[in-house]
2 protein chains.
Amino acid sequence: MMYSPLLIVAAAILQHFTPCAAVINGTQTDLYRQRAQSLLEQMTWKEKIGQLGGYRRLLEADATFNRTRFDELYPTQNGNLGYGSAFNWASDVVPIANRIKQRQIDESRLHIPFVTVTDSNNGIYISGGTIFPSNLGMAASFNLPLFEQAIAVIREEQRAIGVNWVLSPPLDVTSEPRYGRIGEDFGEDAYLVGEFGKTYVLTMEEKGEGGFVKVATTMKHYVYGETSGGVNLASQYGGINHIYNDQLRPYIKVIEEAKPLSIMASYSSVDRLPMHKNRYMFQDILRQKLGFEGLIMTDANGIWQMHNQMYAASSLQDAAVQAVHAGIEMELCPPSEPTVCGMPTLLNAINGSAVLQRDIDQAVLAFLEIKFRTGLFDQSLPDPQKLNSTLRLPQSLEIAREMSREAIAMLQNDGLLPKTPGRVALIGPFGNILNSGSYAAVNSSDARYGDSLHRSMKNAFGSGKVSFTQGCDFIDTDDDSGIQDAVAAAKDAGFAVVALGSLSVSPSDPLFLKRTDGEFFAHADLGFPGLQQQLLDAVLDVGVPTVLVVSGGQPFVLNPSAMRANAIFHTFLSGEFTGDAVVELITGKVNPSGKLTVSMPQYSGAIPIAYDLLPSDQGYDQAGLTANNISAAWQFPNLTRSVPMPFGYGLSYTTFKFSNPTVSSNNQTSCITVNVSLNNTGDVFGKEVVQVYYRPIYTPDIEFPVKSLVRFEKVGLEPGQSQDVHFVIARRELGYWVNTELTSPPGPYTFWIGSSSRVEDLHAVNVTLPMWTA
Amino acid sequence: MMYSPLLIVAAAILQHFTPCAAVINGTQTDLYRQRAQSLLEQMTWKEKIGQLGGYRRLLEADATFNRTRFDELYPTQNGNLGYGSAFNWASDVVPIANRIKQRQIDESRLHIPFVTVTDSNNGIYISGGTIFPSNLGMAASFNLPLFEQAIAVIREEQRAIGVNWVLSPPLDVTSEPRYGRIGEDFGEDAYLVGEFGKTYVLTMEEKGEGGFVKVATTMKHYVYGETSGGVNLASQYGGINHIYNDQLRPYIKVIEEAKPLSIMASYSSVDRLPMHKNRYMFQDILRQKLGFEGLIMTDANGIWQMHNQMYAASSLQDAAVQAVHAGIEMELCPPSEPTVCGMPTLLNAINGSAVLQRDIDQAVLAFLEIKFRTGLFDQSLPDPQKLNSTLRLPQSLEIAREMSREAIAMLQNDGLLPKTPGRVALIGPFGNILNSGSYAAVNSSDARYGDSLHRSMKNAFGSGKVSFTQGCDFIDTDDDSGIQDAVAAAKDAGFAVVALGSLSVSPSDPLFLKRTDGEFFAHADLGFPGLQQQLLDAVLDVGVPTVLVVSGGQPFVLNPSAMRANAIFHTFLSGEFTGDAVVELITGKVNPSGKLTVSMPQYSGAIPIAYDLLPSDQGYDQAGLTANNISAAWQFPNLTRSVPMPFGYGLSYTTFKFSNPTVSSNNQTSCITVNVSLNNTGDVFGKEVVQVYYRPIYTPDIEFPVKSLVRFEKVGLEPGQSQDVHFVIARRELGYWVNTELTSPPGPYTFWIGSSSRVEDLHAVNVTLPMWTA
């Protein structure tokens, strides 16, 4: 039953998006589907059910394999095979995984291979790979070509360990700052999320030898990001205009322009209907309206949760039946609790309705198709001996290092920086660990996973020049005894770097119990956990030059006291080279170029504050569209929705001048052309992110955001150097959805071109656009 | 063209709701409509347009009439006539208003009378009437019969001043604690809001002599209450299941059971579509699905706002055309800015489309019909000489006093109270003013409008026993010099009452610039404004017995320091007898019986916390439905969505025992019967609110709240006395809406009976209900 790869390659054409041309949905080859169909016809009910589940964590934390448990689950859950805990080393995992996989191919009745489906956030999800910044950091680079290089590295490292399917990219638009998983996401703007998501999918799903998809991707979480109270797993309000314009936009782009192979349901219920049984959102919207042809999977526990947490199914089997009927085609099994798996409960439903049998056949077909597309039936398992020639190559590390540099945003600088301090007091609990996110295979305390800021500083300045004082612990503690030591150290050195933040580490991490960020978290308080603010205040009271370095996959409230710091950096969760990069940025060896992709709130209760709010959300100030976007939305205390540090904001050591912004419209091609000249008017090389926002001045139907990002490009310029930056925008990209239909009204539009979403950083250009039909 | 009132009275039958019987929509008489139609046929385009607007504030603050401005607006805005500023006295306003009205009847071409449409929150909206608690306070009484008496008083006072149409009841379900207008609303539970709204409409719209509606009512704001960020005027997410189950439920009840004559559009956009042009929500939902037959009006500035604030109409005329096409039938004009009125811009659209002409005819018809229904064509104007025999009658004041007593909730009492202190130090900026809400005709500093707590205490305890120390100002100030005086006063007296809060007063109030609550406000910080917390902390540090009395139309964060108070009362905005009532409650002359209708948050960022959250909103704790509703939803800091002081919570000086709760279902009548025995097991007379909540244990479709209120009744018992409390619930009342259709699944249900929405205050009873079809 083996087809020649040569037959397959011819049809494997990825549809890239051509600006200002209609998107043509090419006919995908159905050879893979034919092979899957042929296989399906030979399968028993039990074999079908078995494909839909799997074994999620092959190895225990100590790298042992629990054969008894594997054998217990195998008969009903044998479609996918996950690896071990994040701290298992690739060199331990891959040989064992290969043996299990090979036996499956050799000995199972139909020889259907396992597929390894795994998380892929900062890199591979077992130890031994290159550790990139998390997505929030990578997005802060606003550097898509660099991101593409990073994802290509991750892709090859995943393939080397036998991963053919990853649970990324996340397309959650994170306009709820309290949500704990923002660090895994790209940010609050749907266009930006779509661009990073598209780049991710196109890079990861590149066709390799034989035309096989190198690594299948999974858009997630359909749909999520703005849950009630920011609470993890909580419900979201629906409203189809909101869903389309705020949350589906990245999916629409990625489906149209990159055709990813799978999608994951979110834990949320949307307009009260749990997503895992939301037939409307899967069939009517995702399949019919958006044309998605890939596989739909659960999130871990998603079926169980409908019964046990939402009480919206009367049993686990009821939940499973509803899920597959809605369109779920594969269950992502939780790591260690087989009793929460829904698909195996369908085993005794073999005599169930014809609808169920049809649903299951469709699911198995979709799943097998991905196994064919990724070459599992046709290619051999990866050679464990070749791990060393793929993982952590020097060029890969260099890409990660460059990404860390660009993933950090400078939020304040009164002129203190750049500076190479004579002596420096490093202070704060984030000074001597690596904070990389809950899906990074990083032991935050172990130097093998990357340098802390303390180690990087010692390397750069010399051990004798750097003191480190933790000052206080990460979280709840009454012990402020270290604060006076920190004050003394700052006085002594005459220059302080205070490293604060919110800990987001893997469940395997020794500091796990002290974490306050990442999956499972929601932040009612967006300040610094524990006594960290008190520590910062005490150091700032000393009055020596102080740099604040904040860390965490979230926005923080920087209160007036914190703003006394001479300079402030947000490092998000910036991977193994975070420490080195911070040193380079402080000293000016590298000029900061990162920009926020989530706006920074002024107060924990003064949210939401995503920059692309609707005009009515500004409260009483109507000046937002024409003059200054600042308005007092919360009248007590007087706080704005257009915050001082919004999306797109970030500082540099040089200055850039934007000049001659123009916008023109070509009626024939429905193309809008935006031009601007960018000049580095400062003294050092720097990179600037040219950002283009727009809105129709008046909309005839629904409200449109005060402004919306439509293009960005990162440009590097030497001092005195100029460059014309040129954007071509298809009219459809200016559209928005009213009752699921794309519309773009004629009439006057404003485009804003500049360096952030702040009105004072933008140049407005008005243009009148003609009638247009989708 | 005068019809005999005798012809009209026969058809005037109000449909009251009969539990467990189908709601029959009676055929309304169309005599009024026939008369309106007949009049409409004689009207010119200009006369029609003129009817749709009006003159909102007849008198200036100094009680003068600006004839020039009136004459300027009159030709295009002559349908309704508002009165003066809140502080004009009724005795000044009514004679002038009568003259204008009589001239209109006598001299205008068609003799169409003005109608006075006005706010009616705590009472009449000019000075001289009885001042009741605002709606949040009245709802806290949970006492519908008492509320009915209060509204009957307000109704007669409104009629005495010539008001035939009020801009109440508000049906906003206020599950967003930051929203600044909560004080005007009934609270966070849709059932409770519906019950108060229904009682309001049935009482206000009672038929009087000649069968005329005494005072027409206006449900508002369709729909509103949960705006983005709690910000006034901001957008809301839609989702039809959310809208129906969370926000439309009160409207559905009130329309079905009380048939109010009008409804007001909200300022919000719902799912991005501005409500003032939301044809879907007006025609498809309100008219077709909900069967509303009354008039639809704007909120003040609502048309203007679509163009100037939402940028969702290209001109004021465009906005007006869209509004009338959506179904708007009358424009509520702003007080003083004629240029923001939309309807007059239609004057030059006489040659507009047939659709516009039809829309305008429908609007004028609906408006004239209300004028006929309320007897304006058939009854004489009120006699100003009779004001004294209607306003502020002793029996009216007694009802207001009783309402104030029941409108205050005791939230904490460690046993200190009841107590008549020997000497008392009254401390805090709310000790010597009346805080009654932004729509109350109350000068907060003027004793003619009611006693402050200070004056009430002096009356009760004797002047020599009571000291008053303001301690600090209401809002932003650095002046903490008064705090030491307060500390000294507390020490000296040995008993402190600290009165703190958030000021909500009329725009005419001398303290207006110090307000932090009411319309125009949204609270990013739910703590006490200014230095009030610091004042409280300092007094509590003294260690003398301390009673905290909080004031304001909002929930507050009571932090751990505040919780050190021996006793805590929330007085909301409880009208002119607030001070007297607080004294009676402290001393035990009256036993507290108010209950929260808005849950109290633990932290400003830990919201929303309405008690009827969805199961998934609880985060990871699944015990919510069966054991204890407390779960850590915000993992940092660890805070719950099921807060310690939720909806329905409030303490008493006696104890009540609930016993023998039973729930039974009668399949034939689709009736559910709930019985419980209530026993006053304490030493003093007290009133308890018996509360019944329920949920289907599993829902087959959408998520259902963890629990939902379905009945309440306030019962007064002497010590040792018992009473069986009996509820009959129609099955349809257990239903919820899925895609606009009512459903109530068969299967196991849990009912909870008890004294608050806290699990520990409830007795659970399970019952299995049969199939049911709407």
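1. The interface between the two chains is the starting point of this note. In this predicted model, 61 residues of chain B are in contact with 61 residues of chain A, two residues being in contact if their C-beta atoms, placed from the backbone, lie within 7 Å. On the side of chain B that touches chain A, at least two residues each come from α9 (240-258), β8 (273-274) and β16 (632-634) of chain B. The element that gives the most is α9(B), with four residues. Helices (H or I, at least four residues) and strands (E, at least two) are DSSP runs, numbered from the N terminus. By class, this side of chain B has 32 nonpolar, 22 polar and seven charged residues. Here Ala, Val, Leu, Ile, Met, Phe, Trp, Tyr, Cys and Pro count as nonpolar, Asp, Glu, Lys and Arg as charged, and the others, Gly among them, as polar.

2. On conventions, residues are numbered from 1 along each chain as its sequence is written, while chains are lettered from A and ligands numbered from 1 in the order in which they are written. Local features need pLDDT of at least 70 and side-chain atom pairs count only at pLDDT 80 or more, whereas totals for chains, interfaces and linings use all residues.

3. The domain assignment of chain A gives domain 1 (5-14 + 31-388), domain 2 (408-587) and domain 3 (656-769), with bounds that come from an automatic or database domain assignment. Between domain 1 and domain 3 of chain A, the C-alpha centres lie 35 Å apart. Their contact takes ten residues from domain 1 of chain A and eleven residues from domain 3 of chain A. On the domain 1 side, α8 (190-204) and α9 (240-258) of chain A are the elements that give two or more residues. The largest share of that side, four residues, comes from α9(A). By class, the side of domain 1 of chain A that touches domain 3 has five nonpolar, three polar and two charged residues.

4. An annotation falls at residues 688-757 of chain A: the unreviewed UniProt entry gives "domain: Fibronectin type III-like" for them. UniProt positions are given in the numbering used here, feature names are shortened, and annotations may be inferred rather than shown by experiment. In the model, residues 688-757 of chain A are 0% helix and 60% strand, and the end C-alpha atoms are 13 Å apart.

5. Helix α13 (residues 354-373) of chain A has 20 residues and reaches 28 Å from its first C-alpha to its last, close to the 28 Å expected; the expected span is 1.5 Å times one less than the number of residues. Buried residues of α13(A) include A:I360, A:V364, A:F367, A:L368 and A:F372, and also A:D359, A:E369, A:K371 and A:R373. A residue is buried if 20 or more other C-beta atoms lie within 10 Å of its own, exposed if 12 or fewer, and partly exposed in between, with C-beta atoms placed from the backbone. The buried residues of α13(A) pack against α2 (31-40), α3 (45-51), β4 (165-166), β6 (262-265), β9 (295-297) and α12 (316-326) of chain A. Just after the helix, A:G375 takes a positive phi of about 80 degrees.

6. Most residues other than glycine have a negative phi, and most peptide bonds are trans. The peptide bond from A:S168 to A:P169 is cis, with omega near 5 degrees, and A:P169 lies in the loop between β4 and α8 of chain A. A:K259, a residue other than glycine, has a positive phi near 45 degrees and lies in the loop between α9 and β6 of chain A. A:K259 counts as partly exposed because 19 C-beta neighbours lie inside 10 Å.
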